[in-house]
Amino acid sequence: MTSRAEIYEDIRCVKARYCRFLDTKDWDGLAGLFTADAILDVREDTGMEPFVGRDALIEQIRAAVIHARSAHQVHTPEITLVSDDACDIIWAMQDRVVWNEGMSPIPGVRSITGYGHYHEHYVRESDGWRIASLKLTRLHVDMHS
């Protein structure tokens, strides 16, 4: 039986890799952190419907930052065990995204600094914990021209 402390540490390591893989543009590593049927919900920022499936969500993430330097930080996880193999987590987050000249998807904006939360559901698969759903909510975004 895995202890609660071991589960929490495993989950924190998955999210740490998420930030590192995203910021270093390691798309294969990032994809390996999600379930095959994972859901990405960024409609609050984009107005787009949620992306369903690992390939679709990785492509959306890649498209958003491929022409940018980014730094994602998360902290103070609120972890709720749903079962031995599932949990819900809310992470406080801050991200900084600086697009290459002329590559920003936001007209007139060169970079952003965002503050908010990731709302996630994790499941334990045979080889470890994976993100099954991720919803980004923002409290504030500073836009820089």
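The legends below accompany an overview and several close-up views of one predicted model. Residues are numbered from 1 along each chain as its sequence is written, and side-chain values use heavy atoms, with hydrogens and water left out. Because the model is predicted, local features need pLDDT of at least 70 and side-chain atom pairs count only at pLDDT 80 or more, whereas totals for chains, interfaces and linings use all residues.

**View 1. Overview of the chain, with four helices and six strands.** From the N terminus on, the elements follow the order α-α-β-α-β-α-β-β-β-β, where helices (H or I, at least four residues) and strands (E, at least two) are DSSP runs numbered from the N terminus. The C-alpha trace spans about 55 × 30 × 25 Å along its principal axes. The radius of gyration of the chain is 15 Å, which agrees with the value near 15 Å that a compact globule of 145 residues would have; this radius is taken over C-alpha atoms, and the globule rule is 2.2 Å times the number of residues to the power 0.38. Of the 145 residues, 41% count as buried, where buried means under 20% relative accessible area, exposed over 50% and partly exposed in between (1.4 Å probe, protein chains only). Among contacts with a separation of 6 or more, 58% are between residues 24 or more positions apart, a contact being heavy atoms within 4.5 Å.

**View 2. The largest pocket, with about 640 Å³ of space.** Of the 24 residues that line this pocket, Asp45, Thr46, Gln60, Ala64 and Arg138 are the closest to its centre. A pocket is an open set of points on a 1 Å grid over the protein atoms alone, where a 1.4 Å probe fits, with protein on both sides within 12 Å along at least five of seven lines, and lining residues have an atom within 4 Å of a point. Grid points are joined across faces, edges and corners, and the volume is the space filled by probe spheres set on the points. At least two lining residues come from each of α1 (4-24), α3 (43-46), α4 (54-65), β4 (86-99), β5 (111-125) and β6 (128-144), and β6 gives the largest share, five residues. By class, the lining has 18 nonpolar, three polar and three charged residues; Ala, Val, Leu, Ile, Met, Phe, Trp, Tyr, Cys and Pro count as nonpolar, Asp, Glu, Lys and Arg as charged, and the others, Gly among them, as polar.

**View 3. Glutamine 60 in helix α4.** With a relative accessible area of 17%, glutamine 60 is buried. Apart from neighbours within four places in sequence, glutamine 60 is in contact with Leu40, Met48 and Phe51.

**View 4. Serine 111 in strand β5.** Serine 111 counts as buried, at 5% relative accessibility. The side chains of serine 111 and arginine 96 are joined by a polar contact of 3.0 Å, that is, a pair of N or O atoms within 3.5 Å; within protein, one must be able to donate a hydrogen and the other to accept it, and residues adjacent in sequence count only if both atoms are side-chain atoms. Not counting residues up to four places away in sequence, serine 111 touches Arg96, Val97, Val98, Trp99, Asp142, Met143 and His144.

**View 5. Valine 74 in strand β3 (residues 68-83) and alanine 92 in strand β4.** Valine 74 is partly exposed, with a relative accessible area of 21%, whereas alanine 92 is buried at 13%. Leaving aside neighbours within four places in sequence, valine 74 is in contact with residues including Lys15, Cys19 and Ala92.
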